[in-house]
Amino acid sequence: MGPPQLQRTFLGFDLSTQKLKAILLNSSLTVVASAEVKFDSDLPEFRTSGGVSPGPNKHEFFVQPVMWVKAVDIVLDRLVMQEADLSTVAAISAAGQQHGSLYWSKHGISALQSLDPEKFLHAQIDDSAFVVNRTPIWMDASTTKQCLEMETAIGGHTQMVQLTGSKCYERFTGPQIRKIYQQRTHAYEDAQRISLVSSFLASLFLGSVAPIDFSDGSGMNLLDIREKAWSKACLNACAPDLDERLGQAVSANTVLGGVSEYFVKRFCFPASCQVVACTGDNPSALAGMLVDNDWLSVSLGTSDTLMMSFEKPPNWEEGHVLCHPTQTDEFMGLLCFRNGSLVREAMNNVEAGGDWVKFNELLESTPRGNFGNMAVHFNDMEIIPKAKGTLRWNKDCLPNSPDASKGVIKFSSPQIEIRALIEGQMLHHRAVAEDMGFQFGTNTKVLATGGASINKSILQVIADVFNAPVHIQNESEAALMGAAYRASYALYRHELDQTVPALSYRDHVLSLTSNNLQLVCEPHKDSESIYAPMLERYKAMAHILQSGIL
Ligand SMILES: Nc1ncnc2c1ncn2[C@@H]1O[C@H](COP(=O)(O)OP(=O)(O)O)[C@@H](O)[C@H]1O
Ligand SMILES: O=C(CO)[C@@H](O)[C@H](O)COP(=O)(O)O
């Protein structure tokens with residue numbers, strides 16, 4: 001047995017749309033155990049599809065919070081079954097899908113503080129712990145009215161962008177809270193505290209309601225991202241007495257306190273184990289990627305997201321600017337595309353019987369550029385641009401031709417359908433990233449993560465459309481790794497003699513582990529000549545879909 005410091009482990013979680021994942025890293029930040037709980041298949045009693053349920057009204061999506069609590073019970077049991085030694089865990093942190101909100105009842109807060117280690121968490125943090133049992137998540141797009149009201153109240157969307165880094169988006173937590181306040185006023189009044197999904201996980205481990213961190217807090221249209229404090233104007237525009245329900249926001253590097261006695265007694269965590277502020281899954285993915293500012297980070301989870309670091313917030317009113325999770329003086333740019341994996345999955349089911357190997361064979365059997373066939377599939381209302389519908393163009397369709405808005409009904413083969421989907425998705429992502437100010441150039445490198453990043457055929461299309469080499473890390477789950485890395489860094493800062501200068505987050509992590517980047521795909525030489533004109537055609541197609549809903 002080595003010295004105690006070398007026996008310490010760090011536990012990270014990622015509560016994303018479809019799963020709860022856990023990872024245990026040793027003192028050299030290498031994986032020693034991992035486990036996951038898939039909501040649809042492991043918790044069928046909640047009847048989710050892709051981890052969520054549609055609400056009764058258009059664009060409404062929700063989750064029952066108890067499902068997430070139950071998933072925590074199960075994932076910890078699964079770690080123990082793998083003989084993970086939880087008595088070595090020095091610090092815990094987590095990532096959570098962004099924007100979702102949980103509304104704690106008075107009873108829920110006292111239950112958190114007095115958990116009985118003889119019982120499951122879900123038997124104690126049950127429906128009565130929350131005043132809203134069908135809690136909105138990021139897929140919910142039903143708050144257009146509240147967005148307008150909030151922006152109007154603070155003087156328009158430019159003002160909202162200046163303050164919070166984003167104009168009001170339907171899924172952002174502020175408009176969602178306002179909807180609860182307006183439509184379920186009693187529930188809002190009874191809510192003692194409001195958590196994000198990330199700070200909810202921190203609360204379970206802490207045994208009291210945990211603060212929201214600046215990065216995930218930037219996805220609410222409530223935080224002043226420059227001042228790193230709730231904006232009074234935005235709070236007032238949202239709902240009354242909101243500051244006391246949110247509590248003070250903190251840096252993602254904050255050690256919040258010791259783990260709840262429940263985990264010490266039930267799972268043998270050491271009493272010294274510290275809980276570190278949790279953050280959103282996208283900021284956590286950026287933290288897990290350990291890359292510098294030349295890189296474009298691409299997460300292919302349920303949503304496709306692009307992430308980049310900025311020293312100063314870019315001047316664009318679409319997209320999102322968040323407080324950076326690890327470089328505390330900097331910002332991160334985030335673009336989120338709703339029509340990501342679920343659209344690919346639907347196409348895989350129809351055209352390749354749900355078999356990704358077959359899907360890839362079909363994708364690879366068509367040439368780059370797809371003989372001039374292109375498609376845009378916004379099955380659900382896309383976030384940027386706000387557009388819905390499907391449009392297929394063959395080589396003869398031109399932006400000004402009379403049938404441009406109808407396009408063609410179906411392509412002649414599954415091969416063409418599949419390539420048109422993947423090329424169309426990546427052209428969409430590139431066009432929006434360029435609008436945000438990301439410059440694709442000879443230095444650009446892409447790092448891919450998330451569930452679909454194991455698919456090399458899709459990564460090759462990204463390399464070609466972005467005209468940049470694509471890398472992956474050894475572990476395909478950057479958000480999860482980021483959670484455990486941050487736990488290690490915050491504890492290092494917490495224990496550091498204050499007279500000694502602290503290493504940066506990246507230097508700390510890289511002093512313990514290597515980055516393990518693997519180059520997986522390089523762009524073909526003719527890529528730019530093929531995809532530059534297609535980018536213009538894509539823009540015309542997206543414009544047609546966008547005009548359709550205006
Ligand atoms: N081989 C594959 N090729 C393409 N997509 C895949 C593959 N394996 C899994 N996926 C996609 O990954 C998605 C889940 O990614 P994940 O990052 O776990 O999601 P989340 O973190 O949002 O819960 C699934 O919706 C699935 O479509
Ligand atoms: O809404 C956003 C980001 O703004 C989503 O990216 C959610 O954070 C869900 O993440 P995944 O489960 O798709 O990783």
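Which helix gives the most residues to the shell around ligand 1? Here are some notes to keep beside you while you turn the model, which is a predicted one.

1. **The shell around ligand 1.** The answer is helix H14 (residues 341-352), which gives four residues to this shell. In total, 16 residues surround ligand 1, and the closest are Ser16, Gly301, Thr302, Gly451 and Ala452. Sorted by class, the shell around ligand 1 holds nine polar, four nonpolar and three charged residues. Domain 1 (4-277) and domain 2 (291-475 + 516-550) each provide at least three residues of the shell around ligand 1.

2. **The shell around ligand 2.** Ligand 2 has 18 residues around it, with Ser16, Thr17, Gln98, Gly301 and Thr302 coming nearest. At least two residues of this shell come from helix H13 (281-289), and at least two from strand S18 (331-337). The class count for the shell around ligand 2 is 13 polar, three nonpolar and two charged.

3. The protein divides into domain 1, residues 4-277, and domain 2, which is made of residues 291-475 plus 516-550. Their C-alpha centres are 29 Å apart. Across the boundary, 22 residues of domain 1 are in contact with 16 residues of domain 2. On the side of domain 1 that touches domain 2, helix H5 (157-164) and helix H9 (214-217) are the elements that give two or more residues. H5 has the largest share of that side, with three residues. By class, the side of domain 1 that touches domain 2 has 13 polar, seven nonpolar and two charged residues.

4. **What the UniProt record says.** If you like to work from annotations, an unreviewed UniProt entry lists "domain: Carbohydrate kinase FGGY N-terminal" for residues 132-288. In the model, that span is 49% helix and 12% strand, and its end C-alpha atoms lie 32 Å apart. UniProt also lists, again as an unreviewed entry, "domain: Carbohydrate kinase FGGY C-terminal" for residues 297-491. Residues 297-491 are 35% helix and 21% strand, with 26 Å between the end C-alpha atoms.

5. **H13 against H18.** From H13, the contact uses Asp281, Ser284, Ala285, Ala287, Gly288 and Met289, while H18 brings Ala478, Ala479, Met481, Gly482, Ala483, Tyr485 and Arg486. These contact residues divide into eight nonpolar, three polar and two charged.

6. **H18 against H19.** Now follow H18 (residues 478-495) to helix H19 (residues 505-512): their axes come within 10 Å and cross at roughly 105°. H18 is therefore roughly perpendicular to H19. Which residues make this contact? They are Tyr485, Tyr489 and Tyr492 of H18, together with Tyr505, His508 and Val509 of H19. By class, the contact of H18 with H19 has five nonpolar residues, one polar and no charged.

7. **H14 against H16.** H14, the helix that gives the most to the shell around ligand 1, packs with helix H16 (residues 414-436) at an angle of about 175°, their axes being 10 Å apart. H14 and H16 are therefore roughly antiparallel to each other. Arg344, Met347, Glu351 and Ala352 in H14 meet Pro414, Glu417, Ile418 and Leu421 in H16. The contact of H14 with H16 comes out as five nonpolar, three charged and no polar residues.

8. **Two backbone details worth a look.** Ile384 and Pro385 are joined by a cis peptide bond, with omega at about -5°. You will find Pro385 in the loop between strand S19 (374-378) and strand S20 (389-393). The other spot is Arg47, a residue other than glycine with a positive phi, near 50°. Arg47 sits in the loop between helix H1 (39-42) and strand S4 (53-54).

Methods. Residues numbered from 1 in each chain as written. Chains lettered and ligands numbered in written order. Predicted model: local features only at pLDDT ≥ 70, side-chain atom pairs only at ≥ 80, totals over all residues. Axes fitted to C-alpha atoms, helices over the stretch in contact; angles between N-to-C directions. Parallel < 35°, antiparallel > 145°, perpendicular 65-115°, else oblique. Contact = placed C-beta atoms within 7 Å. Nonpolar A, V, L, I, M, F, W, Y, C, P; charged D, E, K, R; others polar. Near = placed C-beta within 6 Å. Domains from an automatic or database assignment. UniProt positions renumbered as here; feature names shortened; annotations may be inferred.
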